[in-house]
Amino acid sequence: MGEGSVLAEPGWAGAMRARIVATGSALPPKVLRNADLARMVSTSDEWIRERTGIQERRIVADGIASSDLGTEAAQAALARAGWDPTSLDMIVVATCTPDMPLPSTACLIQRNLKATRAFAFDLAAACSGFLYGLAVADLYVRSGSCRRVLLVGTEVMSAIMDWTDRSTCILFGDGAGAVLLEPSTDGNGILSTHLHSDGNLWDLVCVEGGGSRMPASAKMLEGRQHLMKMKGNETFKVAVKMLEATAREALAANHLDVKDVDLFIPHQANVRILNAVAERLGLEPDRLVVNMDRYGNTSAASIPLALDEAVQAGRVKPGSRILMAAFGSGLTWASALVKW
Ligand code: COA
């Protein structure tokens, strides 16, 4: 594993850091169950449950895009915080399924919210995107450049699924999660973030067509190259290793032990990956947050969705230490440690 970059080291009480003020999420109402998939490809409810832990996932209706879900999640968070959208300074959107190549999904969400003061941009780190965004938001807040930040992870993964490929189409779902951040000087907030990439592993999870290397064409569509391809087995092994390493890195940087963590929120990719990482870390199941049984892998939305669910369920209390870890296409991997 490379050194990566340590973007926020644990500091002293009184140091400026970013704190999550409120969370929100959005899920399309349409449920796609394993039994529905078994009618589309050669698979079974039993195989999907046993090999992935997924029972069902949400899928958008025709015409719904990532900015629609992202806007809804952001509005839920803004309502909880009691913030006016015009008070936002910055909007960061993590997505690998933007509405369109240009403009950014962040600008479309800014328009929908009427967040007229904010500058907005997308960030591409696939399933690690939310934690990459958290690191960027934290830096802007700690530098004093921004006081109110909206970070959204939003995905319409169904748009890039090959519905004839049973090894990928069973895994992913649509959804969005959002958090609002502001400065904090009481020692709570984002304690550390660690980001890593290894572009040598670019072809483990990729969508090859539709960009500048292979522009949209009839040939590209025929070859289904606008859809996601994945080397599942290899990804699985790398994921377990990277998640464990970056989780340990976050603990070491904060001089904490696994027993000091109240909640572990990993990227929701495969329940066997989550259980393997929790076991390697020595973390009991009651501190592990899992919601992928209901939503599948929602890429950049998975951690903020799980965080919002944990907050709404009362699992997050003032002072709770939350360890988050993600991996995704790139390859990218990342961790964050937050004191609530
Ligand atoms: N239903 C039934 N059988 C399936 C299947 C499905 N949906 N998908 C794959 N299979 C079959 C394979 O064709 C293979 O059959 P074979 O032995 O006859 O060739 C067999 O199951 C085993 O395949 P394998 O790929 O070894 O299964 P697996 O246990 O590794 O599970 C994944 C496959 C994709 C679920 C698993 O590798 C995984 O989750 N990987 C991580 C992916 C990930 O996290 N990606 C996101 C990155 S952010």
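In the predicted structure it is surrounded by 23 residues, of which Thr 43, Arg 51, Arg 166, Asn 233 and Asn 270 are the closest. Some of these can be described at the level of single atoms. The side chain of Thr 43 places an N or O atom 2.6 Å from a nitrogen atom of the ligand. For Asn 233, an N or O atom of the side chain is 2.6 Å from an oxygen atom of the ligand. Asn 270 has a polar side-chain atom 2.7 Å from an oxygen atom of the ligand. On its own the ligand has 960 Å² of accessible area, and the protein covers 72% of it.

The make-up of the shell around the ligand can also be described by residue type and by element. Nine of its residues are nonpolar, 11 are polar and three are charged. Four elements, namely α2 (45-52), α7 (232-253), α8 (271-281) and β13 (321-328), supply at least two residues each. The largest share belongs to α7, which gives four residues.

After α7 comes His 255, with a positive phi near 55°.

Another helix to consider is α4 (105-113). Which of its residues are buried? In α4 these are Thr 105, Ala 106, Leu 108, Ile 109, Gln 110 and Leu 113. An α-helix has 3.6 residues a turn, so residues three or four places apart point the same way. The cover over the buried residues of α4 includes α3, β5, β6 and β7 (149-156).

Val 152 is found in strand β7. With a relative accessible area of 0%, Val 152 is buried. Beyond its sequence neighbours up to four places away, Val 152 touches Gly 70, Ala 74, Val 92, Val 93, Ala 94, Ile 109, Gly 177 and Ala 178. Ile 109 in this list is also one of the buried residues of α4. Val 152 and Ala 176 stand 24 residues apart in sequence, and their C-alpha atoms are 7.2 Å apart in space.

Ser 66 belongs to helix α3, which covers residues 66-81. Is Ser 66 buried or exposed? Its relative accessible area is 1%, so Ser 66 counts as buried. Once neighbours within four places in sequence are set aside, the contacts of Ser 66 are Thr 95, Thr 97, Asp 99, Thr 105, Thr 154, Glu 155 and Val 156.

Val 289 lies in the loop between α8 and α9 (292-295), and its relative accessible area of 3% makes it buried. Leaving out residues up to four places away in sequence, Val 289 touches Leu 263, Phe 264, Ile 265, Pro 266, Gln 268, Ala 306 and Arg 315. Leu 227 is 62 residues from Val 289 in sequence, with 29 Å between the two C-alpha atoms.

The loop between β5 (90-94) and α4 contains Pro 103, and the peptide bond that joins Leu 102 to Pro 103 is cis, with omega near -5°. A cis peptide bond also runs from Gly 330 to Leu 331, with omega near -5°. Leu 331 is placed in the loop between β13 and β14 (332-339).

Ala 126 is not a glycine, yet its phi is positive, about 50°. This alanine is in the loop between β6 (119-123) and α5 (129-142). Ala 126 counts as buried because its relative accessibility is 12%, under the 20% cut-off. Ser 299 is likewise a residue other than glycine with a positive phi, near 50°. Its place is in the loop between α9 and α10 (302-312), and at 1% relative accessibility Ser 299 is buried.

How values were computed. Residues are numbered from 1 along each chain as its sequence is written. This is a predicted model: local features need pLDDT of at least 70, side-chain atom pairs count only at pLDDT 80 or more; totals for chains, interfaces and linings use all residues. Side-chain values use heavy atoms; hydrogens and water are left out. Buried means under 20% relative accessible area, exposed over 50%, partly exposed in between (1.4 Å probe, protein chains only). Contact means heavy atoms within 4.5 Å. A residue is near a molecule or strand if one of its heavy atoms lies within 4 Å of it. A polar contact is a pair of N or O atoms within 3.5 Å; within protein, one must be able to donate a hydrogen and the other to accept it, and residues adjacent in sequence count only if both atoms are side-chain atoms. Accessible areas come from the Shrake-Rupley method with a 1.4 Å probe; for residues, only the protein chains shown count as cover. Ala, Val, Leu, Ile, Met, Phe, Trp, Tyr, Cys and Pro count as nonpolar, Asp, Glu, Lys and Arg as charged, and the others, Gly among them, as polar.
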